[in-house]
Amino acid sequence: MADIPESWKVPPPKAWKLSTPEELVKDVDHRPLSLLGLEKGWMRTAPDVEIKPGMHCHAALPKRLETVDMPNPRQWSAMDEDWKLPRNWKEIILEGFKDRLGRFRSFQLFMDICVRCGACADKCHYFIGSADPKNMPVLRAELLRSIYRKYFTTAGKLLGPIAGARELTLDVLREWWYYLYQCTECRRCSVFCPYGIDTAEITMMGRELTNLLGLNIDWIAAPVAFCYRTGNHMGIQPHAYKDMIEFFLDEIENVTGVRMSPTFNRKGAEILFITPSGDVFGDPGTYTCMGYLMLFHELGLDVTWSTYASEGGNFGFFTSNEMMKRLNAKMYAEAKRLGVKWILGGECGHMWRVINQYMGTMNLDIAEGSKLEEPVSPITGTKFENTKSTKMVHITEFTADLIRHNKLKLDPSRNDHLKVTFHDSCNTSRGMGLFEEPRYIIKNVCNHFYDMPAGTIREQTFCCGGGSGLNAGEDMELRMRGGLPRANAVKYVHEKYGVNKLACICAIDRAVLPNLMEYFVPEVDVTGLHEMVANAMILEGEKEKTVDLRGEPLPGREESE
Amino acid sequence: MNAIASLILSGGAISMLVAIPFLAVWVLPHVYGIRLEWLFGIVIPYLAAIIFFVGIIYRVVKWAKCPVPFRIPTTCAQQKSLPWIKYGYAEKLDNPISTAGVVGRMILEVLCFRSLFRSTKMEFGAGGNIKYKSSKWLWLAAIVFHYCFLVIILRHLRFFTDPMPFFVPIIEKVDGFFQFFLPVVYQSGFLIGAALTYLLLRRLLDPKLRYISLPADYFPLFLILTIAGTGILMRYVLKADVVSIKELTMGLVSFRPVVPEGISVLFYIHLFLVSVLFAYFPFSKLMHVAGVFLSPTRNLSNNSRIVRHINPWNPPVKIHTYEAYEDDFREKMIEAGLPVEKEAALPADKE
């Protein structure tokens, strides 16, 4: 549909094939040692550390790095013997390490205070699904801590391995890279850590360091480069972005008989709407995008879309804090240029962690002199007081408020064929606390909702297996292993209640979960929340509806032929 | 570094640490007639105390000087959003937006080990069927260990104050509640031993724990176990001369140090190990005691959408402006009917 450059879609290597779910879990054994524990410890790298196909992503192509002026652009692959590093790579890493220790209290503190109690060990979805002991959060952090101790602590310098310190070698760097890109920064471990040690912080710092040497993965570097130039991860140019939305309008008209007329880059609109470009490009996100369009139309909302700020997501977040800031800047810049009063944000996970915990801090300067003000719903008059500084409202906050005030005509029976469960996204859960808004909406737009078991939802939710830029194709085994805990919980409610729909509020989820479901629980399909809202909505002047947005027949309203 | 090597190293270190005062205070005088009580009773404890306080201050100041660029609390409950969505006490504590909430969250974390209390145990069944069960053993052992340690420290105030603070006898009374024997048996001493033994066995028997454990994990366990052991020995078995010991300890705190006669070598071993613990503390993982207060995922409120958090080093960055974007795509935008800031350049202007 959209003009995604062919070069971005790199096929997985031929030698590697994903095994069946049964084979995948067969050898998973979470006891990394024999009873006596005589094996060499974890500080040994080669030959114990082997970069396996299916468990890592392709290396960033040089042109991605060139677009955004990142160091050491060159053709390379993780499987290569020679990673084509600059001669002084070790100094670069150690200097970068020192610099970050001085800039992030989290990093310095988390290097120092871990007691290795192991409370985090079995909380990581990658450890659960792979049993690779270096995927235990504590050990992922120790990979960096061992270097920290060697070069930045007296005990480590004097005592070496006895103090848990080791030399920074090429093998250690490989090991870092392999495991830093096997962490989705989901922060589940940090919920259980008695000191709040957050592996995401450590992974982010580690990834910043690998980026100093040009060691990004293409699935992150490509969206970053695209987003920088075209405004969105998919590289959709302005005219194509408009085309895509217009295609949705045709689809909506086919289903509902109502023609909508969204506007783009319109100055003087009250609200700027920003959503991940995944919603505009990829199924099933596209149906969620149609949902937004229908909702805005039905409310007569004075809202505009932007082709410049056409990305809610931010793969810069997975690269470095500077890159996150560079990409995020477009939101306020565009809000100011268009003179909108506030910004409404679509369904996305990491986008919302960035907005909730980083955006104001990074970029609120840009909004100075703009017309942005404390968001108020023009439909209900509700002041979104929790957004008064950042001036950006989550669409589930907005819609929940509408439903609460009876501003939407809903017929939940239109979703009667659905038995729904809800996947809490990592970032909106542990970086925000958005639990009730989506559940309130779901319960109002469908009649059959079943939560997954405690321990797998809300703040203890599991990652989809492909967050933080790991949702590529070539690392499918990693994704399936990491997605296993989520799939297992879905399977439970599927078997117990007949759940057939997995709802989520994250564009990466919508891209990743369909593969995961197909692999482990093929009876369950994935949907965005606003797709369900739109399907339940009774539009002004709609025709007799017989199908939903996907063209699937509505229950009890099948077309008589 | 595997588990065996770690155990040998830390076990060896503790044996050496026991041997040093034994040789110095017991063997040397008997064999060579050299007396070193002043070193182990006065100099080393003072040094250890200095290292302890200076070291902790140094570490904490170093952490505190580090900026907190972003407000990154781990949110463990519903956020404060719409007025009708429940935001009660549980939410205020696990996803705070106010200072009071943060203080409450920190109190729960520091005094009750809130996060550890959440702990679950994963059970990986056949066919990838995973279950999560509540698992409170680590929490229980940690709570017992830390509170017993606190009680023991407070009980020891008996040796460092005259008159004693009012709470010391009360603590002794409570701690010796079950009066089985004379002298009164303090439960804390035995409970701490049990908790430490559990923590040690857990490290040894759980393969995951054995894999991640370093000598730096076994060493403090052995050290505190030995300190507790020597203390228990002195109190119940090889009765120490409490009056002389109090003379020494009061001398230390009043800065008029004396070395009374008749104090057993066991006491010097106990005191030396405590000194080692004090001196080791600031350079070890034991600093988690101070660090937890500074942890940005726990001590910050989730209110950065309400109040702007300032990053002291917020870096200037190069961004792709709208103007540059429009320059890239102007013709296509005009063709698609999208509004533009500048009209397309006339062919003549292109030169």
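Modeller: In this predicted model, the C-alpha centres of domain 1 and domain 2 of chain A lie 30 Å apart.

Biologist: Happy to start there! How do you know that the two domains are in contact?

Modeller: Contact needs heavy atoms within 4.5 Å, and 40 residues of domain 1 of chain A meet that rule with 42 residues of domain 2 of chain A. Together the two domains bury about 3400 Å², with 61% of it on carbon and sulfur atoms. A:Leu24, A:Arg187 and A:Arg188 supply 17% of the area that domain 1 buries against domain 2, more than any other three residues.

Biologist: Why is the pair A:Arg103 and A:Glu322 called a salt bridge?

Modeller: The closest N and O atoms of A:Arg103 and A:Glu322 are 3.4 Å apart. The cut-off is 4 Å between a side-chain nitrogen of Lys or Arg and a carboxyl oxygen of Asp or Glu, so the pair qualifies. Between the two domains of chain A the count is 1 salt bridge, while 17 residue pairs are in polar contact.

Biologist: Now the sheet, please. What makes β2 and β4 of chain A a pair?

Modeller: Pairing takes at least two bridges, and strands β2 (residues 271–274) and β4 (residues 342–345) of chain A have 4, in the parallel sense; therefore they count as paired. One example is A:Ile274, whose bridge partner in β4(A) is A:Gly345.

Biologist: And why do β1 and β5 of chain A stand at the edges?

Modeller: The order in this open sheet of 5 strands is β1-β3-β2-β4-β5 (chain A). β1 (263–264) and β5 (392–394) of chain A each have a single partner strand, so one side of each is left without a neighbour in the sheet.

Definitions and conventions: Residues are numbered from 1 along each chain as its sequence is written. Chains are lettered from A and ligands numbered from 1 in the order in which they are written. This is a predicted model: local features need pLDDT of at least 70, side-chain atom pairs count only at pLDDT 80 or more; totals for chains, interfaces and linings use all residues. Side-chain values use heavy atoms; hydrogens and water are left out. Helices (H or I, at least four residues) and strands (E, at least two) are DSSP runs, numbered from the N terminus. Domain bounds come from an automatic or database domain assignment. Buried area is the accessible area (1.4 Å probe) that two parts lose on being put together, summed over both. A polar contact is a pair of N or O atoms within 3.5 Å; within protein, one must be able to donate a hydrogen and the other to accept it, and residues adjacent in sequence count only if both atoms are side-chain atoms.
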